[in-house]
Amino acid sequence: RSSDLGQERLALYALRKQGLVPEHVETRCLYSPLQPEIEQGKVQLWIDLFPKSLGPPGPPFNITPRKAKRFYLRCIIWNTVDVILDDLSITGEKMSDIYVKGWLIGHEESKQKTDVHYRSLGGEGNFNWRFVFPFDYLPAEQVCLISKKEHFWSLDRTENKIPPNFVLQIWDNDRFSFDDFLGSVQLDLNRMPRPAKSADKCSLNLLDDQLPSESLVSIFEQKTVKGWWPCVGTQDEKKILAGKIEMTLEIVSDQEHEERPAGVGRDEPNMNPKLDEPKRPDRKS
C-alpha cells in the first residue's frame, strides 16, 4: 500500500513538473488549420493513470452532467400591514399606494408585480394576487441553472449555477413621478426563515442571520409554506421594518403544474386555489 501511494505521488509530481493542472486535470489549447496561430478555445481532460501490471482498465464511467428539472414557484400575495406611509393625501393624511414586486434572482427579466392598493391610510393592502415563476433546478446540487446569452450578439448560451433566492419588494405607486421603493425581503428557498403565524408576531427578528436550523425551512422539502414575512427598509442609514407581507409559497414540478394549473394574478385558470377580488375601501378617486 505504501508503494502504491509513493507511485501516485510520483505521478502527480510528474504532471505538475510538466506544467499541467494538479489533480490529474489537463488543459490543452485548441487550434484550427485555417488559423493555426489563433487559439480557438480550450479542452479539459481528466487523466487517470493505471499500472500496466494490472492489465486493461475497467469500463469508463458515465460523467454526463445532470439535467436540470423544471419547477414552478407559485407565490400568492394575500395582504400587507404596517407598510410605511410615504405620501400625503389631498386632506393632509399620510398614505401609500401599495403594490408588491417579486422575482427569482437570475430571472430579473421575469419580474412580476401585483395591482395597486390605492390610498392605504394604515399601511394595510389587500391583493389576492398570484405570481408564477418557472425555473430550472438541480436538486442534488440545490442550485438553479440559468442559461442565457451574455450579449445580444453572442451565438451560444452561457450556463450558470446559482442558489434559488426569491426577492419581494414593497413599492409606493406615484402617478406623476418615479415610484418609491419602501422595503424588501430576500429568501433562500433552501434555507428560509419560517414565517410568523400572525402579523403581530412578525418582526425583523425573523431575518436574523443567527437563526437556529429548526427555525429554517426548505420549500423544496415542505412544498408549501404560508405566513407573514417582514420587509426591511432604511431610514437614516439604519434598518427599519418597512412592512409585513402575508403570502403562500408553493413549489410544484412540471407535471404538477400541468395537472393543477394556476394563472398569474387572478387570470384564468384561476384555481388551485381560486383567488377572489380583494375587498378594498373605495379611496381611488
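**Group meeting: strands, backbone exceptions and a charged helix**

Good morning. I shall begin with helix 3, where Glu259 is found. The structure on display is a predicted model, and every value I quote is computed from it.

Glu259 is exposed, with a relative accessible area of 54%. It also belongs to a negative surface patch, which Glu259 forms together with Asp254, Glu256 and Glu258.

Let us move on to the segment after helix 3, which spans residues 254-259. Which peptide bond there involves Pro269? The bond from Glu268 to Pro269 is cis, with omega near -5°. Pro273 is found in the segment after helix 3 as well, and a cis peptide bond with omega of about -5° joins Asn272 to Pro273. For context, most peptide bonds are trans, and most residues other than glycine have a negative phi.

Asp82 is not a glycine, yet its phi is positive, at about 55°. Where is Asp82 placed? It sits in the loop between strand 3, residues 69-81, and strand 4, residues 87-88. With a relative accessibility of 42%, Asp82 counts as partly exposed.

Arg119 is another residue other than glycine with a positive phi, in this case near 50°. Its place is within a strand, namely strand 7, residues 117-120. Arg119 counts as partly exposed too, at 23% relative accessibility; the cut-off for buried is under 20%.

I now turn to strand 8, residues 125-138. Is this strand enclosed or open? Twelve of its 14 residues are buried, and strand 8 is therefore largely enclosed by the rest of the structure.

What are the partners of strand 8? One of them is strand 3: the two run antiparallel and are joined by eleven bridges. Within this pairing, Arg74 stands opposite Val132 of strand 8. Strand 9, residues 143-148, also pairs with strand 8 in the antiparallel sense, over two bridges. There, Leu138 stands opposite Val143 of strand 9.

Strands 8 and 9 form a hairpin with four residues between the strands, and in this hairpin Gln142 takes a positive phi near 55°. As a general point on such elements, the side chains of a regular strand alternate between the two faces of the sheet.

To close, I would ask you to keep two places in view on the model. One is the segment after helix 3, where Pro269 lies and where Pro273 is also found. The other is strand 8, paired with strand 3 through eleven bridges and with strand 9 through two. Thank you.

Terms used
Residues are numbered from 1 along each chain as its sequence is written. This is a predicted model: local features need pLDDT of at least 70, side-chain atom pairs count only at pLDDT 80 or more; totals for chains, interfaces and linings use all residues. Side-chain values use heavy atoms; hydrogens and water are left out. Buried means under 20% relative accessible area, exposed over 50%, partly exposed in between (1.4 Å probe, protein chains only). Patches are made of residues with over 30% relative accessible area and no salt bridge: like charges are joined within 9 Å, nonpolar side chains (Val, Leu, Ile, Met, Phe, Trp, Tyr) within 5 Å. Accessible areas come from the Shrake-Rupley method with a 1.4 Å probe; for residues, only the protein chains shown count as cover. A salt bridge is a side-chain nitrogen of Lys or Arg within 4 Å of a carboxyl oxygen of Asp or Glu. Lys and Arg count as positive and Asp and Glu as negative; His and the chain ends are not counted. The place of a charge is taken as NZ of Lys, CZ of Arg, CG of Asp or CD of Glu. Two strands pair if DSSP finds at least two bridges between them.
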